[in-house]
Amino acid sequence: MSAASAVEATAGPSAVRSRVESQPVTLPRALRSEWIKFRSLRSSWAMLGAAVLGMLLISLVVAYNTRHLTSGQDANDLASSATLQGYYLGQLLIGALGVLFVSSEFSTGMIRSTFAAVPKRIPVLWAKLAVFFAVTAAAMIPISVISFLLSQAVIGHYRTGFSLTDPGVWRIVLGTGLYLTLVGVIGGMIGWIVRSTPGSLVTYFGLVLVLPIFGELFGSAGKHVAQFLPSQAGASFTEALPESPHLAPGAGLVVLLAWVAAGIAIAAASLRRRDA
Amino acid sequence: MIQADSLTKRYGDKLAVDGLTFTVEPGIVTGFLGPNGAGKSTTMRMILGLDTPTSGTVTVNGKPFAEHLRPLAEVGALLEARAVHTGRSARNHLLAMAATAGIGVKRVDEVIGMVGLADVAGRRAGAFSLGMGQRLGIASALLADPQTLILDEPVNGLDPDGVRWIRNLLKGLAEEGRTVFLSSHLMSEMAVTADHVILVGQGRLLRDQSMADFIAEASSDVVRVRSPQAGQLADLLLASGVTVRNIAEQTLEVEGLTSDQIGVTAAGASITLLELSTQTASLEDAYMALTEDSIDYRSTLENTKDAA
């Protein structure tokens, strides 16, 4: 026994040839792995499908309900962005999808397998982000356009609605799809930082839903701060008549992107420093 | 080869691993032993870079694990806690792992066949029994045919067939010159699988030696003698350095003399011997003798029985 070990020790590391051809870990390979992970979970498709259906159904319902112009109608319900209100629901589903894509790895222990395969860790963050962004954008941007077109077709039967070429409409329609994608990315980053699924969901809903309302408790000062929250920054380019005070659409997008960037930075730092 | 140098991990005020220095050599199976809470799993997690050491270093084939370009080909790991998403099928889990190393479907199906999961590979891993989950973990460890295997309780939940399979597999891989590092609480299994033993207790290294030396040093052999004149024989045998215990009617256990010496003494006094046999100490005996003082989580059943 000891003789055998002495012989092997002098032979040095990597003395054995592997029977299996394997390649170095690269970002494209990590991406492929994350894509397999995403598509092989039924819950991914269920949540994405629910967000798509929700956007579509809500747009049709809103269109039908506002088909006739009556006195005392809310201007918001007649604006070009009115039929895309489904994004309120969409941001919950897409956010939860973003959270779960990351946090479920921690709750199931999968993260240990993931890091055993990609021990440098950071490529996993980028790969997950890219897969999530691509899939969500590919679903939510087209469904925003389709929901808009179908709902305006319904309205068009009764009164004059909006077309994509009207001023600001492209911005609102594409912006809605982009907002949902970006807010989902923020959900994913919360997943990396908080790790536990319930904790991450609560943090996400708190940031997107509760904090803006909380801001209103502090009057106009609160509202001025609240316009920099992700949901309010998003509203500046997804809504035709965002609540005042609000940022200019371009500034709103910059603020939302800053939230995404901050999320990525904190998630990466947490990933690098903490035990898995 | 795994080399740990003064490896230390502190969680809050508990020192889980306390200055461990050891080398796991290729070409043999090394058993990693110690009571619950001795720091075995933490050590394995540090080898894989899942936990960062508070101080000290650990390398695999000369480099920290995370610095290897082909991590799956370097180390195949099975960690104690399940490391699989419960909603994903076994095959998709392995495909996702394999994709990071550019390993294709063919090899994935091959390891699924090797571990005997071919019939259930399409089922959710969450529905797997303990043994099936363990087989899946072994499959992912073997995926890239790694240089080094780190297995935490691999036979846990396996059927006897599976236990024998993993034993032969690990011995075979070690013979090819791979490094096999294995923890288990099943002493009988460890005794027939491992060539070398690293024993830890309360995070500290207690022993690092060959299986044979480990057993021989930790407990001495005992000779069992049965004789109608046991009392007379006991008086004759008692000398300095010799312990004689009367363990049953007509039966003695003698420590400090060989069976030859006892036989000759008995013959000289015309004492009839009905049985004379050397009781070789087992790995379990050696383990118990060495870890007595370092057990964190001892069963208190005996105490409660006394109280009742």
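Buried residues (under 20% relative accessible area with a 1.4 Å probe, protein chains only) make up 52% of the 308 residues in chain B. This is a predicted model, in which local features need pLDDT of at least 70 and side-chain atom pairs count only at pLDDT 80 or more, while totals for chains, interfaces and linings use all residues. Residues are numbered from 1 along each chain as its sequence is written, chains are lettered from A in the order in which they are written, and side-chain values use heavy atoms, with hydrogens and water left out.

Let's stay with chain B for a moment. Its C-alpha trace spans about 75 × 50 × 45 Å along the principal axes. You will find 12 helices and 13 strands in chain B; these are DSSP runs, with helices (H or I) of at least four residues and strands (E) of at least two, numbered from the N terminus. Among contacts (heavy atoms within 4.5 Å) in chain B between residues at least 6 apart in sequence, 68% join residues at least 24 apart.

One residue to look at is B:Gln134, in helix H5 (residues 130–142) of chain B. B:Gln134 is buried, with a relative accessible area of 8%. Leaving aside neighbours within four places in sequence, its contacts include B:Leu78, B:Asp152 and B:Pro154.

Now for the place where the two chains meet. Chain A and chain B bury about 4100 Å² between them, 57% of it on carbon and sulfur atoms; buried area is the accessible area (1.4 Å probe) lost on putting two parts together, summed over both.

| Interface item | Value |
|---|---|
| Residues from chain A | 42 residues |
| Residues from chain B | 51 residues |
| Salt bridges | three salt bridges |

A salt bridge here puts a side-chain nitrogen of Lys or Arg within 4 Å of a carboxyl oxygen of Asp or Glu. On the side of chain A that touches chain B, helix H1 (2–11), helix H2 (27–39), helix H5 (87–108) and helix H6 (110–117) of chain A each supply at least two residues.

The largest nonpolar core has 130 residues, and A:Trp192 and B:Phe181 have the most contacts inside it. Such a core is a set of buried Ala, Val, Leu, Ile, Met, Phe, Trp, Tyr and Cys residues joined through side-chain atoms within 4.5 Å. Helix H7 (residues 122–156) of chain A gives the most to this core, with 10 residues. Leaving aside neighbours within four places in sequence, A:Trp192 is in contact with residues including A:Phe106, A:Phe115 and A:Leu271.

Notes
Buried < 20%, exposed > 50% of the residue type's maximum accessible area, 1.4 Å probe, protein only.
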